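Hi there,

Here is the structure I promised to pass on.

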Amino acid sequence: MLSLLSGLDKCKFDIRLLVLNPTGPMQQAAVGIENVQLVGSPRLSSALPKLMKLVSSRKPDILFGSQAHVNLALSVLSWFVPKSSLVLREANMPSLCLREGHWPFWYKWAYRLLLPRADHVIATSGIMASEFINDFAVPESRVTILPNPVDVDTIREKAIPADRRDGAGRRFIAVGRLERQKGFDRLIDWMATTDSNDHLTIVGEGSQRPLLERKLSQCDYRDRISLAGMKQNPWSCVAGADAFLMSSRWEGLPNAVLEALAVGTPVIVTRESGGIHDIADAAPVGAVTIADTEADFVAAMKNVKPCTVPELRPTLLPEIYYGKNVSAAFEMLLLKLRKSG
């Protein structure tokens, strides 16, 4: 969402970003947005009155949301600003993320009731767009597929020099929040049968760190797995790895995969990783390996050829995911909605 907003022409748009929680690792990423306003509560439920007041007073031309529970709230708030165009973007596959959350039945019911009210819905992949149309009754004319934007030049610049962990064997890397969605618990299990010289680095923080640390403490191969925490510049580590691993239980369009491909690192992913098929179809042959089962994932890991010379490889990312191309399409959509509104 921050990348999409940062890519808009500031001469055409007056952007105001409303933030619930002012702390966290994404704080620095919002630097490119000039008008950041704190709503005043880290919980959406308690922030709703102030959020409603802010939205009503601003009367924006376009109200834009990009997270499931926030999108539902904005769908209700839009009733009080009828002249605003409501644009909702989903970050995860609804069929998978809704069933993993609290009260899945009620969330699904709310989605079916409120999502079709949006003036436009942005899907990050073809399979997600199909769900909006077929499962949630969003008119096809109001659905646009817009992939996540990747600032390829900046990422590749930050990836130099490529940082490869010392030693023989394969070097794997995974990046993401330490939460159940990302499946790092099962990725640790999958490392059990790989070669003794192989090593996995997991970059990220989250609520499951204690659980993962306990799990590692019970493994006799724990020295082959590192929980590296948050890194301001993970791309040099990704560029130095032989393969990027995504063990997610559900995704929308995994940005970490796109960024790994941008620095030339091939990826191995689970089939549940959202719009991964769109990426695989557009990427060079062999850049993306989709594993149907645990056995397939481990087999793909064992097929990786170690690269002993750490250097930045040519990008594997298809041009449709380049930031400038996505930003242009996003801007065109918003201008059209603003004009029609």
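The side chains of R164 and D242 are joined by a polar contact of 2.9 Å. Please keep in mind as you read that this is a predicted model.

R164 lies in the loop that links helix 7 (152–158) to strand 7. Its side chain also reaches the backbone oxygen of G240, at 3.2 Å. Beyond the neighbours within four places in sequence, R164 is in contact with G169, R171, G240, A241, D242, P306, C307, T308 and P310. E311 is 147 residues away from R164 along the chain, yet the C-alpha atoms of these two are separated by 8.9 Å. Is R164 buried or exposed? Its relative accessible area is 12%, so R164 is buried, the cut-off being under 20%.

K182 counts as buried because its relative accessibility is 12%. Which residue does the side chain of K182 join in a polar contact? The partner is the side chain of E251, at 2.6 Å. With neighbours within four places in sequence left aside, the contacts of K182 are R177, S247, S248 and E251.

Now to the strands and helices. In strand 3 (residues 62–65), I62 and F64 are on one side, while L63 and G65 are on the other. All four are buried, which leaves both faces of the strand covered. In general, side chains in a regular strand alternate between the two faces of the sheet. Strand 3 pairs with strand 4 (residues 85–89) in the parallel sense, over 4 bridges. Within this pairing, F64 stands opposite V87 of strand 4. Together with helix 3 (residues 68–77), the two strands make a right-handed β-α-β unit.

Helix 3 also meets helix 2 (residues 44–58): their axes come within 11 Å and cross at roughly 35 degrees. The crossing of these two helices is right-handed. Which residues meet there? From helix 2 they are L44, L48, L51 and M52, and from helix 3 they are H69, V70, A73 and L77.

If you open the model, the R164 and D242 pair and the K182 and E251 pair are the two side-chain contacts I had in mind for you.

Best wishes

Key. Residues are numbered from 1 along each chain as its sequence is written. This is a predicted model: local features need pLDDT of at least 70, side-chain atom pairs count only at pLDDT 80 or more; totals for chains, interfaces and linings use all residues. Side-chain values use heavy atoms; hydrogens and water are left out. Buried means under 20% relative accessible area, exposed over 50%, partly exposed in between (1.4 Å probe, protein chains only). A polar contact is a pair of N or O atoms within 3.5 Å; within protein, one must be able to donate a hydrogen and the other to accept it, and residues adjacent in sequence count only if both atoms are side-chain atoms. Contact means heavy atoms within 4.5 Å. Two strands pair if DSSP finds at least two bridges between them. A crossover is right-handed if, with the strands pointing away from the viewer, the path from the first strand over the helix to the second runs clockwise. Axes are lines fitted to C-alpha atoms, for helices over the stretch in contact, and angles run from 0 to 180 degrees between N-to-C directions. A crossing is left-handed if the near helix is turned anticlockwise from the far one by less than a right angle, and right-handed if clockwise.
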